[in-house]
Each structure stands twice: as C-alpha cells, then as structure tokens.
Amino acid sequence: MIKQRTYAAIDIGSNAVRLLVSTITEKEGMETNFRKTSLVRVPIRLGVDVFLKKKVSDKNTTRMIDTMHAFNLLMKSHGVEKYKACATSAMREASNGNEITNIIKEKSGIDIEIIDGSHEAAIIAATDLHALIQNDCNYLYVDVGGGSTEYTMYSNGKTITSRSFKVGTVRMMEDLVEHRTWEEMREWVKETTHDFDNIDLIGSGGNINNIFKTSGKKEGKPLSLKYLKDYDEKLNSYTYEERITELDLKNDRADVIIPATKIYVNSMKWAKANWIHVPKIGLADGIIKSLYNESRRKKS
C-alpha cells in the first residue's frame, strides 16, 4: 500500500526566503521517498537591513508579508498538510524580529519560528545524507548562508559535533565580519578535523549548488579543491556586471558568490580536504525531514 503526504518548509534566510514543497511517499518494504515538488526563492536580503541597522526596514517588512501571503496560497494549491517556517541569522538579530513574526502571523496566517544557530545546525544535520556518507569515511558538512556558516563533523556515519559562526556572505559583503570571528572559525575547523584522516567536505547553500551546476559534473561526483580555487580566481577576475552577463549569474547571486567561495575554499584548506560533495540539500530539506520524523514519533 502506498501512502503519500505533502509537507512544506519555509526558510527565511539573510539573503533569500525559500518555500520548498515536498511529496513524501511511503511504501511497505521500501525506503521512504522525499521528492521536491516545488521550490520558490525570493531574494529579500534581510541581512543588509539587520547587519547594518539592527532592524528589518518597513519596505522589507511589507515584502515579507506579501511573500508569506503568496507562500500560504501556494501551499493551499499544493495541498500541503503540514509546514514549518524557520527564520535564521538576520531575523534572530533584528530588534524588531518578534514584532515582524507577529505581524506576518496576523496578516498572512504563517507562523514563523526564529531559531538559534545551534538549532539551525542541528536541523541541517538531520538532512538525509546516508546515500552520500560512507561509514568508514570522515566528512565536514558546511552550509554557507547570508548571515552565518554552519558546520557539522561526521565520522563513521555518526555526528561528532556541530557549530554555527556569524560569518555569512551578506555580512562579508558589508565588511561586518570581525577578524577574530574568522580566526575563531578557522581554529574550530582545524581543531575539530585534526584527529581525522582523509576528510571530504559536503557543501550546501545556493552558491555551492550554482558552482556545481556550472562545473558540468555528473550528480554525485565531487568537485576538487583545485577546481574551486580556479573558479574563485575566475570569479574575482570579472566585475559584478561581467559575472551577470558573461557567467550568466543572477543579480542577487553575482555578488554573494565571491564571499561564499572564499568560505568553502578556506574550509577545505583548514580541514586538509581535497574534495567537496554537493548534494543539493539545506535547511529547508532538514525542516521537511524533521516534520516527517515528528509525525512518525507521534504515531508510535
């Protein structure tokens, strides 16, 4: 007997806001299948407001209300049974964050939870990596967002530790990452990976997905550190306008991709990793997985 259900995840990041709709198929004797039915991304850039002025502007508050209203209508159209909306770095630092979540709830019906960095890292770590993670290998999982970078260390198929740092693409573009924070992140990666041999990275986030797509590599094949370093050089040799016209990058991707690549390249160097796997997963996928696990626990 086949059972299908439709869940949705809303990821309110510092650079963009995303709605992921997933169809979950259960069949006795078979592995549960999670299929992405729809993914909508709106580049609101809350981080520019918050990291510079400590609050979300009136203009972006209106855009958020409109976006959440649209997401609510889309979820109804898709027949979504259950959803969860999580706001990350920008919203947790906004002085008017809670006020905005209350307004959005009232105007659009969407209930938003502002989560801390460790909760964000834990949700991301819950994403389905078993097809990628081999039990006899070591991996450092890196998720680069607009406001923060989340790390999770895996060894022998188990989570060793997770950590979130206030180092993100929007922060770096606005020159808001302190040198000591960058150094702290570097030391943490070096110390965490020091006792492990042959570490590979697993990268998630819109920027690494974009880099992977342009590489022309087959899905499932990793990118080398050399490829990433060469691509980083190439990106930096173009102006912002040239990255849009000649590299075919979206306006809101052509700037943040520079700091993102710097984080991935340095993370690989610090961990002494030669390869990075890009499985096209992130916070939204983790939210879907946690909703599913929650519903299964309630049944049992």
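Colleague: Let's start with helix α1. What covers its buried residues?
Modeller: Keep in mind that this is a predicted model. The cover over the buried residues of α1 includes strand β1 (2–12) along with helices α2 (58–78), α3 (89–93) and α6 (169–173).

Colleague: And which residues of α1 are the buried ones?
Modeller: In α1, which spans residues 46–53, they are L46, G47, D49, V50 and F51.

Colleague: OK, new topic: sheets. In what order do the strands of the six-stranded open sheet come?
Modeller: The order is β8-β7-β6-β9-β11-β10, and the pairing is mixed.

Colleague: Which strands stand at the edges?
Modeller: Those are β8 (158–165) and β10 (223–224). Each has a single partner strand, so one side of each has no neighbour in the sheet.

Colleague: How many bridges join β10 to β11?
Modeller: Two, and β10 and β11 (residues 275–277) run antiparallel. If you want a spot to look at, find L223, which sits opposite I276 in β11.

Colleague: Which strands of that sheet does helix α5 touch?
Modeller: Helix α5 (residues 117–125) packs on the sheet and touches β6 (138–144), β7 (149–155) and β8. The directions of α5 and β7 make an angle of about 50°.

Colleague: Which α5 residues are buried, and what do they pack against?
Modeller: The buried ones are G117, E120, A121, I123, I124 and A125. They pack against β6, β7 and β8, and also against β4 (82–87), α3 and α12.

Colleague: You mentioned α12. I was looking at S295 in that helix. Is S295 buried or exposed?
Modeller: S295 is buried, because its relative accessibility is 8% and the cut-off for buried is under 20%. The helix holding S295, α12, covers residues 283–299.

Colleague: What lies 2.7 Å from a polar atom of the S295 side chain?
Modeller: That's the backbone oxygen of Y292. Leaving out neighbours within four places in sequence, S295 also contacts R5, Y7 and K82.

Colleague: Switching to charges now. How many salt bridges are there?
Modeller: The count is 14. One of them pairs E93 with R171, where the closest N and O atoms are 2.3 Å apart.

Colleague: Which parts does the E93 and R171 pair tie together?
Modeller: E93 is in helix α3 and R171 is in helix α6, so the pair links parts that are 78 residues apart in sequence.

Colleague: How accessible is E93, and how accessible is R171?
Modeller: E93 is partly exposed at 25% relative accessibility, whereas R171 is buried at 5%.

Colleague: Which residues are linked with E93 in a salt-bridge network?
Modeller: K166 and R171 are linked with E93 in that network.

Colleague: What about K226: which residue does it form a salt bridge with?
Modeller: With D230, and the closest N and O atoms there are 2.7 Å apart. Both are in helix α9 (residues 225–237), and because they are four residues apart, about one helical turn separates them. K226 is exposed at 59% relative accessibility, while D230 is partly exposed with 37%.

Key:
Residues numbered from 1 in each chain as written. Predicted model: local features only at pLDDT ≥ 70, side-chain atom pairs only at ≥ 80, totals over all residues. Heavy atoms only, no water. Buried < 20%, exposed > 50% of the residue type's maximum accessible area, 1.4 Å probe, protein only. Contact = heavy atoms within 4.5 Å. Polar contact = N/O pair within 3.5 Å; in protein donor to acceptor, adjacent residues only side chain to side chain. Pairing = 2+ DSSP bridges. Axes fitted to C-alpha atoms, helices over the stretch in contact; angles between N-to-C directions. Salt bridge = Lys/Arg side-chain N within 4 Å of Asp/Glu carboxyl O.
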